Amino acid sequence: TIDFTGMMESLQNQNGFSEAKLQSLQKVLDEAQTALLIRWKAGEIDFSKLLVSMKNQLSEISEYANAVSSKFDNFVVLGIGGSALGPLAVHQALNHYYYNELPPEKRGHRPRFYVMDNIDPVRFSELLQMLDPSKTLFNVISKSGNTSETMAQFLIVRDTLRRVCGDSYAEHIVVTTDKEKGNLLPIALTEGYQRFVIPAGIGGRFSELTPVGLLAAAICGIDVHRLLEGALEMDQWIRETQGVFSNPAQLRAALALLSWQKGKNISVFMPYADGLKTMADWYAQLWAESLGKRYDRQGRVVHVGQTPVKALGVTDQHSQVQLYAEGPDDKVITFVVVEKFKETQEIPIDMKLPEDIRFLGGKTLDELLWAEQKATEYALTLAGRQHQKILLPRLDAYSVGQLLLLLEWETAYMGELLNINAFDQPGVEEGKNGTYALMGRNGYEAKKHEIEEYGKT
Ligand code: PA5
């Protein structure tokens with residue numbers, strides 16, 4: 001459910017939109033839908049188009065996951081950006097919060113799970129010092145098969161495994177990459193690693209529901225069938241429904257566009273569930289990398305995009321909400337609320353305590369959390385700030401699948417409304433090329449010279 005009351009004008013908040021204002025966007029939303037569906041039929045919009053074939057691939061993924069999950073104590077993803085945040089977000093949302101600390105029998109004898117996205121030398125060295133390589137499976141995820149961070153980690157791990165495991169080192173590496181391109185593929189083929197394919201047209205940040213995320217999820221015991229079922233249902237709803245008040249992706253994109261046009265350059269994503277903290281990281285990449293663009297489709301300079309901010313309720317009520325309520329009116333806030341948690345905690349009653357603390361007794365932590373969310377929402381309304389709420393009935397595989405597809409589709413819609421390509425990332429590529437140049441890769445000599453000259457000025 002999406003509760004968008006806080007985006008609309010009301011007695012308490014005259015700054016909101018009217019229903020008529022939202023409806024006035026229907027024509028452009030219809031055009032966006034037509035354009036997206038034409039591309040969908042042409043086999044583009046891969047994050048949606050591929051869901052069915054991914055469902056058919058689940059038995060292969062699950063078979064491999066079951067075979068390896070009892071064999072290894074640790075499962076480590078080496079990847080960055082779109083090749084890391086999805087697996088991490090889904091794991092945190094759906095597995096025990098302290099999964100890695102649980103005794104093996106409480107983890108279903110499945111391996112501990114780590115994602116090494118950054119190349120901080122301390123963190124990477126300390127991980128390798130802690131894990132026994134002979135009991136670890138490494139999943140190297142890189143669509144391009146070229147990304148310096150992931151390739152550097154891979155080379156270090158491969159070297160370590162060769163030393164520790166000898167001839168059987170290749171059994172400790174599973175590669176997820178493109179079917180035909182990139183430098184990782186020939187190494188995987190020559191050295192005989194188990195391999196999964198990232199389908200050609202899909203961008204990293206849209207790839208969670210491909211082997212990029214499904215393999216990690218299956219190995220760590222997540223119900224990947226329900227995850228895909230939720231995604232497929234949301235996908236169908238969005239593709240087959242018309243009208244801003246019926247199609248959730250249209251609604252969210254329309255609200256984002258109107259707020260952006262009103263100067264809300266910042267989009268805060270604030271789940272009230274620790275399990276969704278990394279989902280905020282995943283959303284931030286999706287929104288930032290897809291929509292932050294210099295050129296529109298006609299090649300005109302436009303510099304569009306809304307800056308995503310990650311926050312966590314209630315923690316950030318005590319750090320950021322002051323700014324949201326009283327700072328510049330340049331933010332729009334999305335709360336994500338879980339309606340039923342899988343655990344609850346009752347707060348004990350102690351009649352001897354003073355009334356000012358006793359009132360908490362007999363309530364639960366979920367009630368306190370919801371009350372805090374509601375109170376924050378109300379305070380923001382009184383301050384004239386716009387906000388909306390995505391309500392998940394539960395934090396389970398089905399709802400998470402739905403949430404992923406909703407956020408992906410609304411990003412695609414927003415790309416249409418902004419008249420930009422939401423599926424490329426030229427600003428990221430420039431940085432990657434600069435890194436190759438500075439690290440001495442062949443063919444990047446001119447770029448190296450250019451950067452060194454810049455360093456002198
Ligand atoms: O969304 C994206 O395209 C990026 O975040 C990439 O996923 C990231 O740069 C890693 O690229 P690759 O998977 O090619 O190593």
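Residues are numbered from 1 along each chain as its sequence is written. Because the model is predicted, local features need pLDDT of at least 70 and side-chain atom pairs count only at pLDDT 80 or more, whereas totals for chains, interfaces and linings use all residues.

The ligand is surrounded by 15 residues, of which Gly81, Gly82, Ser144, Thr147 and Gly204 are the closest (a residue is near a molecule if its C-beta atom, placed from the backbone, lies within 6 Å of it). By class, this shell has two nonpolar, ten polar and three charged residues; Ala, Val, Leu, Ile, Met, Phe, Trp, Tyr, Cys and Pro count as nonpolar, Asp, Glu, Lys and Arg as charged, and the others, Gly among them, as polar.

The unreviewed UniProt entry annotates Glu289, His318 and Lys432 as "active site"; such annotations may be inferred rather than shown by experiment. These positions span 144 residues of sequence and are also spread in space, up to 36.9 Å between C-alpha atoms. His318 lies in the loop between strand E10 (307–310) and helix H13 (321–326); helices (H or I, at least four residues) and strands (E, at least two) are DSSP runs, numbered from the N terminus.

Helix H16 (residues 397–418) packs against helix H10 (residues 224–240), with axes that come within 6 Å and cross at roughly 40°. Axes are lines fitted to C-alpha atoms, for helices over the stretch in contact, and angles run from 0 to 180 degrees between N-to-C directions. H10 and H16 are therefore oblique to each other (angles under 35 degrees count as roughly parallel, over 145 as roughly antiparallel, 65 to 115 as roughly perpendicular and the rest as oblique). The residues of the contact of H10 with H16 comprise twelve nonpolar, four polar and four charged.

The axes of H16 and helix H12 (residues 277–291) come within 10 Å and cross at roughly 20°, so the two helices are roughly parallel. In this pair, Tyr283, Leu286, Trp287, Ser290 and Leu291 of H12 meet Leu407, Glu408, Thr411, Met414, Gly415 and Leu418 of H16 (contact requires C-beta atoms, placed from the backbone, within 7 Å). Seven nonpolar, three polar and one charged residues form the contact of H12 with H16.

Helix H4 (residues 51–69) packs on helix H9 (residues 211–219) at an angle of about 45°, with the axes 8 Å apart; H4 and H9 are therefore oblique to each other. Their contact has nine nonpolar, two polar and no charged residues.

Definitions and conventions. Two residues are in contact if their C-beta atoms, placed from the backbone, lie within 7 Å.
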